[in-house]
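Hi,

Here is the structure I promised to pass on. Have a look at it first, then read my notes below.

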Amino acid sequence: MTKVFLKSGHQKTVEVLLGEDAFSYYNVNISDWHTEAGKYEVLIGTSSQDIRLKAEINVSESSSAQVPDLKQNLSEYYRLKDEVLNISAQQFYTLYGQEPNEDLEKTKPYTINSMLSETKGTLLGNLLLSGLKKQMKSMTGEEGNKMMEEMVGSMPIRAFGMMGGGKLPKYFAEALVLLLNRKIVKGIIMLFRK
């Protein structure tokens, strides 16, 4: 793809070729990339929140492959309830072929590499995410910007040590990890160390 440079107020027609790989996904049934036949909507805009053009195109199947109807058998994967993906044990088994290990989640300690979205079920995690959403709203003027919320949720906890223009000490992230892992006294001591 070639960059197109425009002077202010000018316009130019560009052509973007979308190859088969733009519509492909990895199909585990054939151990290869696969394109399903059907109608696809192509969206063009300055961002995902500012769509300026839409077009519907028909795409042919790349090869014959078994494509299970996951929308019926795994309905929870296709809708969000209260912005949380709640997967039943049956649907987990249908997709992965094994029962979920619920004990793993209960005993899993947080690390500085844990994503903020992983802390959502904790009081501190909910407070952090809520505060960051408010901060994003004040910076962007937008509320409920899903792309920004997803970006914040995918940030590792260690990012707190780099935030705030150097106002937050590097050990702040380590203190958060201690607090999230219910090591309250150690976490508070670390927060107030100088």
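**What I found**

Starting at the N terminus, the elements come in the order β-β-β-β-α-α-α-α-α-α-α. In other words, the protein has seven helices and four strands. Keep in mind that this is a predicted model. Of its 194 residues, 21% are buried. If you take the contacts with a separation of 6 or more, 38% of them are between residues 24 or more positions apart.

**Among the strands**

Take a look at histidine 34, which sits in strand β2 (residues 32–35). Is it buried or exposed? Its relative accessibility is 0%, and buried means under 20%, so histidine 34 counts as buried. Its side chain also has a polar partner: the side chain of glutamate 61, at 3.4 Å.

**The nonpolar core**

The largest nonpolar core has 17 residues, and the ones touching the most other members are Leu116, Leu132, Val152, Ile157, Phe160 and Leu176. Two or more residues each come from α4, α5 (146–153) and α6. Which element gives the most to this core? That's α6, with five residues.

Leaving out residues up to four places away in sequence, leucine 116 touches Leu129, Leu132, Val152, Gly153, Met155, Ile157 and Phe160.

**How α4 meets α6**

Helix α4 (residues 123–140) packs against helix α6 (residues 171–180) at an angle of about 135 degrees, and their axes are 9 Å apart. Angles over 145 count as roughly antiparallel and 65 to 115 as roughly perpendicular, so this pair falls in the rest and α4 is oblique to α6. On the α4 side you'll find Leu124, Gly125 and Leu128, which meet Leu176, Leu179 and Leu180 in α6. Sorted by class, this contact has five nonpolar residues, one polar residue and no charged ones.

Last stop: arginine 182, in the loop between α6 and α7 (184–191). What is its phi? It is near 65 degrees, a positive value in a residue other than glycine.

Terms used:
Residues are numbered from 1 along each chain as its sequence is written. This is a predicted model: local features need pLDDT of at least 70, side-chain atom pairs count only at pLDDT 80 or more; totals for chains, interfaces and linings use all residues. Side-chain values use heavy atoms; hydrogens and water are left out. Buried means under 20% relative accessible area, exposed over 50%, partly exposed in between (1.4 Å probe, protein chains only). A polar contact is a pair of N or O atoms within 3.5 Å; within protein, one must be able to donate a hydrogen and the other to accept it, and residues adjacent in sequence count only if both atoms are side-chain atoms. Axes are lines fitted to C-alpha atoms, for helices over the stretch in contact, and angles run from 0 to 180 degrees between N-to-C directions. Angles under 35 degrees count as roughly parallel, over 145 as roughly antiparallel, 65 to 115 as roughly perpendicular and the rest as oblique. Contact means heavy atoms within 4.5 Å. Ala, Val, Leu, Ile, Met, Phe, Trp, Tyr, Cys and Pro count as nonpolar, Asp, Glu, Lys and Arg as charged, and the others, Gly among them, as polar. A nonpolar core is a set of buried Ala, Val, Leu, Ile, Met, Phe, Trp, Tyr and Cys residues joined through side-chain atoms within 4.5 Å.
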